[in-house]
Amino acid sequence: MVLYHSMNRKNGIIIKTPDQISGIRKASHLTAMTLDMIGQYVKPWVSTEELDHICNEFILRNGWKSACIGYHGYPKYTCISSNDTICHGIPSKNEILKEGDIINIDVTSLVGGYFGDASRMYPVGNISKEARDLIQVSKECLDIWLAEVRPGNYFWNIGYYINDYAELKWYSIVREYTWHGTGVEFHEEPYVYHKAPKNSWPKIQPGMIFTIEPMVNIGEYKTKLLSDGWTVKTKDGSLSAQWEHTILVTESGYEILTQ
Ligand code: MF3
Ligand code: CO
Ligand code: CO
């Protein structure tokens, strides 16, 4: 067994070994399969708790488990964040989906001790043009700037470009929550904001694994935390969307592990 604290690090960031990479690849693959599978169940009249259970059953059936339940006391298997909820929405039997809602489902599976973290947006039936555009631009915020993931570039530059792009489209990027290293732990160094200064250390190196997960609001960037201690909503009640991948840095660029 390799001790967490004795791992090879650059600026505190773990450089994953080939064995760790293959474990994290498996966990990420199961996360992506879960997100593929759940799409068909997202419809009006379904509760977010039902979706949570279906995801959990799927992960268990594949022999592994959700990393979310019990994490700092988190009570459910996935996070499901609808409409003006930015992130960490707690699935509930009282939350029944209705036509026109948009939801983010965030899954982290734990496979053989390794973590794979990803989320996607799902429309509930027909949604407004406003919601469709938000989902589209938030996906672009992740997809377009993946090209910046390459050895030698600065982590924070990706945040800089993501924020710049969102503002160009007249949206705002949530400032309080970061993306993060992942794989050996659920959340590891580095923690990077999606609105970030350019050219500040540390630099990206091969073997690093981290998420990118911009949260994009139609209105202002400000957030409010509900009294359950988890649910984060937009302060102004505007719609919010997020996409997340777990990404491996290769010698020449990147590989999306949660594809
Ligand atoms: N999956 C979330 C992230 O992207 C974290 C959820 S923590 C939980 O980092 F406890 F709410 F599951
Ligand atoms: Co994450
Ligand atoms: Co996540």
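Is Glu220 buried, exposed or partly exposed? Glu220 is partly exposed, at 34% relative accessible area (buried is under 20%, exposed over 50%, partly exposed in between; 1.4 Å probe, protein chains only).

## Model

This is a predicted model: local features need pLDDT of at least 70, side-chain atom pairs pLDDT 80 or more, while totals for chains, interfaces and linings use all residues. Residues are numbered from 1 along each chain as its sequence is written, and side-chain values use heavy atoms, without hydrogens and water.

## Salt bridges

The count is ten salt bridges (a side-chain nitrogen of Lys or Arg within 4 Å of a carboxyl oxygen of Asp or Glu). Glu188 pairs with Lys16, with the closest N and O atoms 2.6 Å apart. Glu188 sits in strand β10 (188-193) and Lys16 in the loop between β2 (13-14) and α1 (18-38), so the bridge ties together parts 172 residues apart in sequence. Both Glu188 and Lys16 are buried.

Glu148 meets Arg150 at 3.6 Å, N to O. Glu148 is buried at 16%; Arg150 is partly exposed at 35%. Glu220 bridges to Lys222 at 3.9 Å. Lys222 is partly exposed, at 34%.

## Largest pocket

The largest pocket has a volume of about 410 Å³. Of its 23 lining residues, Tyr71, His88, Phe186, His187 and Trp230 are the closest to its centre. On a 1 Å grid over the protein atoms alone, a pocket is an open set of points where a 1.4 Å probe fits, with protein on both sides within 12 Å along at least five of seven lines; lining residues have an atom within 4 Å of a point.

The lining divides into twelve nonpolar, seven polar and four charged residues.

Definitions and conventions:
Chains lettered and ligands numbered in written order. Points joined across faces, edges and corners; volume = space filled by probe spheres on them. Nonpolar A, V, L, I, M, F, W, Y, C, P; charged D, E, K, R; others polar. Helix = DSSP H or I, 4+ residues; strand = E, 2+ residues; numbered from the N terminus.
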